[in-house]
Every structure is written in C-alpha cells, then in structure tokens.
Amino acid sequence: MADHPHTPSTPHDGSPNGLSGPVRQCLDVATPSPDRAVAPACARAVVKAMAAGVDDPGRRCENGNQRGRADEHTWTLEMVSSALIALEGYARIREVMLEGTAIRATNTDAAAVEAVDTDCLLLSGDALLARAHHLVATVPLEAPRRLACLRAVTRASSDLAETFGTDPLRGLTSEEGSATSDARESGAGVPHVGAPSVGEILCRCGGQLGMIVSGDVDEAASVGTYTGNLGAVLDHLEVVADEETAVRVRYGVVRSLRGERAPQLGWQPTTDERERLVDSLEATVDARRTLDRTAVLPVRGVGWLGQPLRWLVRELDVAVDVEHETGRERDDDDGEE
C-alpha cells in the first residue's frame, strides 16, 4: 500500500485554521510522525487484510471495493488515518498535562527551545480532539458506515477520558502503589491495572475503523480486539524497555503492518522483563487465533495482521507459541514473512 502524508491537503479537513502560532507549534510537536503512528497503520493493514480475500483483484482496488470507487475510498482511509493521528496527539497532550511536565517545542532550524504553557496545551488538545471527530463525521461513506466511524472515535475518546481519570495504581495497597511508582520511574515493568492503556484504545479504534472502511461494520469489534491488544503490548514495552528501544519497536511494528521488513531490534530483555511481557503477548496471540477461527478475515489477511506479532516474539525471544495456528491458516500460509 502506498504511503500517504498524514495531513490531508483539503481546506475542509478539520485543520486548525485560525489558531495562534504557539498553538500550531504545539500541535506539530504533539502529533506523531507516520512512521511511529501505530493506530493508522492498523487501520490500513486491516483494509489490506480484507482485500486479501478478493478472488479477482484485477477487478477491485486495494481495499476490496470496486475499482471505480478507488479514489473515494483511498481518500476515506486518508481521512481516517488523519483522525487517528489527531486523536493520538490529543492523548499525548493530556498525558503531559496530567504528569505536570511541559511539551518542548522547537523552531524550524532547531536553534531554540520554547516551553509551551498550560493554556496553549489546553487549546491544542481541544483542537486535535475536535479535528478527529470532524474528520470521521465527514468521511465519504454512506450514512450507516459514517455513523459507525463516528461512534468508534467517540467511544475511543470516552475510553481515553476514563483512562486519564483513573488512578493506574488503583487496587494496590499503599506499599504496593509506592513500589510500583518507583518501578515506573526506574524503567521497570508496571502491571496493567484498571482502565485500558492509551495505545490499546487507539489501536483498537484503528482496527475498527479499518473494518468499517472495508465495509464490514458488524465485525469491527472483533478485529479491534486484536489490534487493541497489540497496542497494549507496545505500551507495556515502553515501560519495560529504554526510550530508544521503544521507538525502534514502534517503527518496526509500523513497518510490519505495512508489509515491509522490520529491522533487527538489537535489544534483549532480561528474564524478568520477558516474564512481564508474556501475558500481554499471549493475549494478542489468542485474539489473532480468534480471528482465524471465526473467519472474520480471509486466511491471507490473518497472516498479514500477524506479521508484527511474529516479529516482536522473534526479536524479544519471548516464550510465546505464536506459530501454532489453526488448520485453516496452516493450509495456506500466504501473507507470512
């Protein structure tokens, strides 16, 4: 699938026109670059996975719709991807505000660094959240699917609000909570407690939107479960690993979802770190097998979506049986690396 710029060029795309320079600068810093934005990559990969079941691809475009509508649906996927990037930017700003730190913005020549104040953060977050909803509310789809897209993003926004309003250490004793807080600061693993993580929410929404764009609203939730679990794994890794490794992992997952070869990670977790990763990886494997058993996606599509999972397990050398698939996928391994 061809790469696309993550910001649509139309003046009616929900871009933050009329905002001040500092707010625009904050928006630029907060929104992730396409090579690290996993949720849009999930949406694109799901569309491609659905297209893998087309018997005569010569009569269809890459997302499985009639070739005569290819331009329309390519633009739809572009708008959906931009909405997911805006939603992630909003989430990053909210996280920064809750942590009591400041986003650092640089000018074009990177010669100066400017701290962004609270008012600027608030305006930037509101602008990104509004943009995400505007984009999905205006996608060129028929009304039922457009409404389904809007519901998926609204649900993600609500889940983000719940996550931001939830103590991630709830359910722990004061001693356990203190120990877990210290572990977070030291880079050790933090258990996933309470509300879903930000990455899980965003990637789940990406998988759902990909299915809706592909034309299957009813199965959006089941595919979103798999992509959401993949996002949760990435969030867990960002706590366990160092920052440079976390960036490389996101880059590798995005490349895998695009069907490109991911680079070698060059980081080996300790035994304790591997044990912390097993549960989240196994949950993702189970979600992928569910997709195969229920035939929500074509066989080739399941193989396509499983590529980042296989890459992670191989690079991290984690004891998770990702290769033991159902008979349906063993009979046809197209889409595998």
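Trainee: Which residue forms a salt bridge with Asp159 where the closest N and O atoms are 2.3 Å apart?
Mentor: Heads-up: this is a predicted model, so local features need pLDDT of at least 70 and side-chain atom pairs pLDDT 80 or more, while totals for chains, interfaces and linings use all residues. Numbering runs from 1 along each chain as its sequence is written, and side-chain values use heavy atoms, leaving out hydrogens and water. A salt bridge here is a Lys or Arg side-chain nitrogen within 4 Å of an Asp or Glu carboxyl oxygen. At 2.3 Å, the partner of Asp159 is Arg204.

Trainee: How many residues apart in sequence are the parts that Asp159 and Arg204 tie together?
Mentor: Helices are DSSP runs of H or I, at least four residues, numbered from the N terminus. Asp159 sits in helix 5 and Arg204 in helix 7 (residues 198–214), so the parts they tie together are separated in sequence by 45 residues.

Trainee: Which residue joins Asp159 and Arg204 in one network?
Mentor: Asp159 also has a salt bridge of 3.1 Å, N to O, with Arg155. Those two are 4 residues apart in helix 5 (residues 143–164), so about one helical turn separates them. Through shared partners, Asp159 and Arg204 are joined in one network by Arg155.

Trainee: Is Arg155 buried or exposed?
Mentor: Buried means under 20% relative accessible area, exposed over 50%, and partly exposed in between (1.4 Å probe, protein chains only). Asp159 is buried at 8%, and Arg204 is buried at 17%. Arg155 has 51% relative accessible area, so Arg155 counts as exposed.
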